[in-house]
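Trainee: I am new to this structure and would be grateful for a close look at a single part of it. Please take me through that part step by step.

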Number of protein chains: 2
Amino acid sequence: MTLSEEDYIKAIYHLGKGENNIVSTNEVAEQMKTKPSSVTDMMKKLSEKGVANYRKYKGVCLTEHGLKVALTLVRKHRLWEVFLVEKLNFAWDEVHEVAEQLEHIKSEKLTDSLDKLLGFPQVDPHGDPIPSKNGEFKKAVKKLLNEVPVGTSGTCVGVKDSSAPFLKFLDKNRIALGDTILVLEKEEFDGSLHIQVKGKDIRISDQIAANLYLKITE
Amino acid sequence: MTLSEEDYIKAIYHLGKGENNIVSTNEVAEQMKTKPSSVTDMMKKLSEKGVANYRKYKGVCLTEHGLKVALTLVRKHRLWEVFLVEKLNFAWDEVHEVAEQLEHIKSEKLTDSLDKLLGFPQVDPHGDPIPSKNGEFKKAVKKLLNEVPVGTSGTCVGVKDSSAPFLKFLDKNRIALGDTILVLEKEEFDGSLHIQVKGKDIRISDQIAANLYLKITE
DNA sequence: ATTAATATTTAGACAAATCTAAATATTTGT
DNA sequence: ACAAATATTTAGATTTGTCTAAATATTAAT
Ligand SMILES: [Mn+2]
Ligand SMILES: [Mn+2]
Ligand SMILES: [Mn+2]
Ligand SMILES: [Mn+2]
């Protein structure tokens with residue numbers, strides 16, 4: 001598989017939302033930042049190679065084999081992202097571009113050794129699950145912090161309210177995107193939460209919780 | 001610079017023996033496992049881009065700028081090799097092929113963070129020196145262990161005598177290719193050596209030393 | 001100093017990945 | 001159901017990196 005073919009396979013995979021849905025030529029073109037005509041050519045090639053099912057004007061989805069290729073790429077991409085954050089102190093939002101390159105390195109031994117070095121992580125710095133060597137993984141969903149049950153652990157991936165006061169609050173309480181948050185307790189009376197972030201316990205109001213997105217794998 | 005261009009630049013660099021000597025079209029073709037006609041085309045392109053000086057029928061060498069590019073690639077290649085051995089427990093002879101891919105990853109921050117993670121290593125697992133961020137490095141020479149002065153440290157890179165008894169001796173004494181050897185003391189009387197390998201001190205005869213190649217940076 | 005051998009370049013072709021412009025198919029709105 | 005809008009494919013061109021075969025230059029040998 002060439003680098004380009006691999007990126008197209010990943011695009012089809014991601015656009016299919018992990019469900020291997022059929023995706024359109026234009027969708028792929030937008031994702032890949034190429035023209036629809038280029039996509040058509042590539043879809044024919046991927047079909048030839050047996051990694052995609054493409055029907056003229058009808059769209060494209062991955063074959064069983066194509067799905068395996070996609071999952072291997074996703075696995076490598078996310079493992080490298082963990083590596084960059086955990087071992088090289090990259091920030092949450094600096095890793096994607098480099099991982100986009102590293103995911104194409106061909107060495108099964110490298111991937112598996114990296115997995116081991118990192119302690120077989122389950123999720124990447126964006127809270128997305130990392131497929132295991134044989135392609136299994138849990139799906140991630142994004143939920144507001146006030147909607148998850150006590151005991152849930154997830155990655156902080158966004159805010160609903162992006163006003164200055166709210167962001168200032170998060171900063172003051174050392175809550176940042178990419179942090180792992182564990183819900184310890186929920187107060188019946190006012191819906192306030194007792195959570196753990198970066199090893200520290202803090203309490204937050206229902207209002208705060210209602211504006212923080214968590215990515216959780218179930 | 002494309003991946004292909006980068007590999008050609010490295011080829012010119014290595015064939016020039018670090019001296020930026022002029023190298024011939026056929027030499028480059030052999031090194032790159034391509035045909036001379038392909039090399040001619042690429043040399044024209046590299047000249048256009050200002051990284052090489054090419055004169056028809058006369059050969060090619062790197063420009064100042066090309067040399068910088070080459071040294072950056074060598075730096076990345078060797079840092080990745082150290083990473084693979086030190087952090088992922090790859091064997092001495094498994095790293096080159098993967099490093100050949102990893103050296104093309106474009107991220108200065110990645111390279112420098114990796115350097116730091118590894119503790120700013122001076123040599124790669126083959127005993128070859130690693131250029132610093134600004135392109136400086138010492139040259140390596142290969143010498144027989146019995147020819148280096150006391151106090152010298154180097155990487156074991158080969159044997160002169162490859163007979164079974166000799167290899168068995170090395171195995172018994174836990175000396176392997178890729179090991180760092182430090183010469184602690186030399187016995188005047190018989191030329192026998194007191195050396196340190198993998199933290200252990202051992203004594204070896206002049207005959208043994210005369211059949212072990214060490215790569216040292218001066 | 002010719003000739004033979006070797007090295008190098010040129011010419012022309014090809015596959016991969018992309019593009020633009022034109023043609024065709026599908027979908028949507030009335 | 002038809003026209004208009006949108007989506008998709010086809011045709012033809014371009015760039016990059018490669019190749020083979022033929023032409024030319026350099027070097028070595030007599
Ligand atoms: Mn990513
Ligand atoms: Mn990629
Ligand atoms: Mn190497
Ligand atoms: Mn390479």
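**The metal sites of chain B**

Mentor: Along the sequence, the residues that donate to the manganese ion (ligand 4) show the spacing D-x92-E-x2-E-H. Two of these residues lie in separate parts of the chain: Asp7(B) belongs to helix α1 (residues 3-15) of chain B, while Glu103(B) sits in the loop between α5 and α6 (108-117) of chain B, so the pair ties together parts that are 96 residues apart in sequence. Please bear in mind that the model is predicted.

The atoms that coordinate the manganese ion (ligand 4) are Asp7(B) (OD), Glu100(B) (O), Glu100(B) (OE), Glu103(B) (OE) and His104(B) (NE2), at 2.0 to 2.5 Å. Asp7(B) is buried, its relative accessible area being 16%. Glu103(B) is buried as well, at 0%. The cut-off for this term is under 20% relative accessible area.

The coordinating atoms are His77(B) (NE2), Glu81(B) (OE) and His96(B) (ND1), at 2.0 to 2.2 Å. Glu81(B) counts as buried, with 1% relative accessibility, whereas His96(B) counts as partly exposed, with 43%.

Notes:
Residues are numbered from 1 along each chain as its sequence is written. Chains are lettered from A and ligands numbered from 1 in the order in which they are written. This is a predicted model: local features need pLDDT of at least 70, side-chain atom pairs count only at pLDDT 80 or more; totals for chains, interfaces and linings use all residues. Side-chain values use heavy atoms; hydrogens and water are left out. Donors are N, O and S atoms within 2.8 Å of the metal (3.2 Å for Na, K and Ca); water is not among the atoms, so sites may look incomplete. Buried means under 20% relative accessible area, exposed over 50%, partly exposed in between (1.4 Å probe, protein chains only). Helices (H or I, at least four residues) and strands (E, at least two) are DSSP runs, numbered from the N terminus.
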